[in-house]
Amino acid sequence: MAGDAASLSALEGLMKEFFSNETSNGRKHEIEQVLHAFSSQHGSWQHCLYFLAHSADPYVCMYCLTTIETVINKQWSALAWEERAQLRTALYQLLLQRHTSVATFVRNKLVKLVVDVARLDWPHFYPDFLTNIIQLLQNADTVTLGLVFVQTSSEELISSREDLSVSRREELRRLLLQYVPQLFAILTGVLEEAQQSEGSANRRGSSTGSVGAPAVTATPPPSPTHGQPHSASPPGSLLSCMLSSGGRGSSTGVVRLALEALSHLLSWAPLGEHVSTALTSAIFYWIHAHHSVHASNTDTSLSALAMATINEIFYKKCVPNEWEDSLLGLCEQALALSHELINHIENLSEDLIEKLLDFLRLVVSQHLHRLEKSPKWLVSQLLSLLLRFTFQQPHLDGYYQCLEIWEQLLEYLQQRQNSQLNARYQEALVLLVGQVLKKMQFRQNRNELLNLDDETLDDDGETEWQRFLRESIESIAKVAELAPLHIYALVLEPWKEVCSEYTHLCSEKVVTNADLQHSVRDLASLTQAIGRFCPHFTGESFMAGIQQAQQLVQGLVAMAALATKLRPHHWSLSPSTISRNLLLVHAQVLAALKAWSHWVAQMQASSVDHALVDRLINDMVRATVALLQDHNEPSTLKHAAAHLLLTLAGTVKSSQLWNMEQVRSLYSDPLSHLQSSTQSVVRQALCSALVVVGNEDCWEERHKLMSMLLEAMTSDLRRLATSGAHNAQEAAPVISRTFRQLGELVENSQAENTWGRKLLCSSLQTCLEQSLILFPSYVSDAEVSEQVLHFFLASFGTLQVQLGATFTQQAVHTFLECFTREQLSVCLLQEKCGGVEKFLHILQLIVTQPGVAFKHFIPSSITLCMDHIYPVIVDHPAPSIKPALFQLLFSILLHKWQYFYSGQLQNASVRSEHKSELLSILNAFGQSLLQSDINVFRQNLHNLEVLNNRWKLYHKAEFCEGLLPRFLSVLLETLVNKSHALLSEDIAVAVFNMASVDFSFFFSSFLPEFLQTSEGLDDSQRVLLLRNFNNSTDLPSFTQNVSRLTNDMRCYKLCNSFLPAGSIQL
């Protein structure tokens, strides 16, 4: 005893010294080593029990509890039965004696340790665990401790812990479920008693002044708090007895603990009679009684916690039939309370608002079909609440969340496709659109909108204003999917109003109204919204709305022509902000025309009015090209014009677009006054205008224009060659930029027909040949080789047939000669890998081609991959190269299987003609499954499954004889180690497909050997694991058995790893 007292004194001194600000880091490290050595010695837990009983120092207590926790979780099986009983009894008795005097976090830690013991011993060696908790709950002095026990037990006994076998998890859930009705009844009583106690206190407070009831707070170390005041409470109830007897918690503290326990129990326990009306009524009381942040004597966190408890019920998708009416009643009660609460939404805490949003989201996403069946038609109450809540939100995040809930509602209505039922929602949806339109217009919501930030970009590259406008417009567009013409009319009306004001401004050239700048800003917003309606007027809906669409497009074209002609954003107007708004209107009109060009394309294809279509196209081209040629226009406006031109070329596909005088002038223009991104868009448009439509009759003229375009793009490169400059450092950026632009042009050329691809290929021939001449000189330059190979990859992908086998073979031979083993060793260590990834993609394109033209590339491709590249990257991350390498190998196996098996393809007994190459590839696949890169793992596992489905890979003799057991072992070990837990289902299916080659071998030979060679298991555990794995051969049963096997193996290995050598396991 004297020795323990001296040790305790020393420990307290060490703890005080460790947490002192004056202690150096070196000394702290020494103390840590001393403490670790003490906790690691045999029997240290017995000393810790003494320290806990005789010390009030919270740091000492936490150190001792952590030491005991290690013993329980890692050494429990090694303790003698008497030692287990001693430790369990001591911890529980310590809790009973000191739960009101120790810090809250110490009490909670003690509770967790007792529950940890129960997780291992209950009910066989700890039969009175739950009985003790119920006794605590029924005693006024220990109700707080009992509530902590309930929540901790729910958390720890139901969680999927690694150190529990599947059967033990199922057993704990089943045992705890037996006590759920009794626990719910007791918790209901606790809430009702607290309610009565608070009601009595409020009545007394109304005459003598209210008495505060501070909540229990749990303060984590290293700054614990001690002692909390207690509030008076009238006698006669369990709660009042607890308070008067000197308990730690006030009524609100007890309620908080009860609600937290209920919330967690509801998260996993099924619905039943134990979720009574009395319980839900008590919970609703605490939502209502403590909701206001401005009221005195309230704890707003209680209202949010109580609402979260109600939400746990609505999280359950599966509701028993006998509980359907109860759920509807609960929903009706919650809707009524929510209506009442949002009458004073300014008084609600942010947490409560968040929980109310969760409630609405859950009802809409999971229970709306139940509300529709209600004889009271609760849907109308829901829609009314959602409308009010959407537009009374104090913050934009809440508004966005409400719009997401509306989107879920609209998706539900679209899936139902019940026009009669949807009509009952129409009034609410029309009101929604009307309110959104008001909220997004400066004329009607100026004060709020002026406070939105339109300068700072978020992580998605949007300003606060841009996100607000996008979210609002998308919500309108979603509603329009159900009633396009009706919603279109709602948006068109205010758009016409601001259009007339814009037209008047353009004619007068003076601001006649102080609010005109806001009208112009609204015009930009509403024009953006108008652009989103095009999908509802095309396709099958084309003829139904042709008149409205024609009027709108004509109006937009007229606005674009007027804006381009007058350029009002250059006028000197007051206030100055109106110029920015006018520029925004011009850009949005062009963007809307880009969207409505799809309607123009369908109009052209329908042969309804060719003259009108030609006129619209001519007017749009004139309005667009004039902006692109003007050096003084803002870049945003020119970029919008470029995208409209691209859509006219690629979507409308006017056969005369390239022949228009305004467009022809752009082919020889280097476009140096445009930003690089805008240059790229314009060139794509010019290329598309030549290749998407047409025929041989215009070959010469189109070829000439395409050549002019390419000459303009390569002018810097040709100038470099003409000057005779040989400075690679100066030439490299020019070469890189030129071939990057050429690659983007080919990649986005939209050459859909043979004639267009032939034209493009013929024009590019010189560039392709020149790139082959340059590549050997610049293969060591990572950026140049990357862009040249990107250009070739785009060319082969689009023009492989037109390029022909001869040129393709020449190009690939050139690249193969340049990528020597030494060069690859250098390239693969560079950041961009010197274009190797692009070259692998090129080879992949080639091997996928049918026929024998490129058959001779197969051996050289395999050699490149397996002898030159794979050895360099096998032990390195190489996140860009590995996927490309394995995808090429997969393509060879999938498309050139005949290279390996030229006989009967489906005959498993046929031997491979290139066995060594096949095995090296498959071994590489297997090696990749051992590494940590989940993307490569997912890709290769999927590719193996594809090869098995296509060519019966797993059945081949080469795979079965040596690789099958190894692949099975790797996949099962992956499941045991949970190194790729996200792919567990895919891995289990792959194991099934491999085992299905020969189930008898799997069950009788492989599985026993796998368990026998698995480290960390004893023989009895191996026998048990094998016995629990039944011989079912259907996919669901097999994968369930695999999951059980790997979970139990993980559990046994974890438990065994904590045992000292020579321990006896029970």
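## Basis of the description

This is a predicted model, in which local features need pLDDT of at least 70 and side-chain atom pairs count only at pLDDT 80 or more, while totals for chains, interfaces and linings use all residues. Residues are numbered from 1 along each chain as its sequence is written, and side-chain values use heavy atoms, with hydrogens and water left out.

## Overall make-up

The protein has 45 helices and zero strands, where helices (H or I, at least four residues) and strands (E, at least two) are DSSP runs numbered from the N terminus. Along the principal axes, the C-alpha atoms fill a box of roughly 105 × 85 × 65 Å.

Of the 1066 residues in the protein, 53% are buried; buried means under 20% relative accessible area, exposed over 50%, and partly exposed in between, with a 1.4 Å probe and protein chains only. Among contacts (heavy atoms within 4.5 Å) between residues at least 6 apart in sequence, 73% join residues at least 24 apart.

## The largest nonpolar core

In soluble globular proteins, nonpolar side chains tend to be buried together. A nonpolar core is here a set of buried Ala, Val, Leu, Ile, Met, Phe, Trp, Tyr and Cys residues joined through side-chain atoms within 4.5 Å. The largest one holds 371 residues, and Phe 129, Phe 149, Trp 596, Trp 599 and Phe 792 touch the most other members. Helix H34 (residues 782-818) gives the largest share of this core, 16 residues. At least three residues come from each of domain 1 (1-199) and domain 2 (962-1065), with domain bounds taken from an automatic or database domain assignment.

When residues up to four places away in sequence are not counted, Trp 599 touches Cys 534, Phe 537, Thr 538, Phe 542, Ile 546, Ala 549, Gln 550 and Val 553.

## Two helix pairs

Axes are lines fitted to C-alpha atoms, for helices over the stretch in contact, and angles run from 0 to 180 degrees between N-to-C directions. Helix H27 (residues 635-652) and helix H29 (residues 676-691) pack at an angle of about 20 degrees, with their axes 8 Å apart. H27 is therefore roughly parallel to H29, since angles under 35 degrees count as roughly parallel, over 145 as roughly antiparallel, 65 to 115 as roughly perpendicular and the rest as oblique. Residues making the contact include His 639, Leu 646 and Ala 649 of H27 and Val 681, Val 682 and Ala 685 of H29.

Helix H3 (residues 44-54) and helix H5 (residues 81-98) have axes that come within 11 Å and cross at roughly 15 degrees, so H3 is also roughly parallel to H5. Among the residues that meet are Trp 45, Leu 49 and Leu 52 in H3 and Leu 87, Leu 91 and Leu 94 in H5.

## Backbone features in loops

Most residues other than glycine have a negative phi, and most peptide bonds are trans. Leu 671 has a positive phi of about 60 degrees although it is not a glycine, and Leu 671 is buried, with a relative accessible area of 2%. Lys 978, in the loop between helix H41 (957-977) and helix H42 (984-995), has a positive phi of about 55 degrees and is not a glycine either; at 40% relative accessibility, Lys 978 counts as partly exposed.

The peptide bond from Trp 122 to Pro 123 is cis, with omega near 0 degrees, and Pro 123 lies in the loop between helix H6 (104-121) and helix H7 (129-137).
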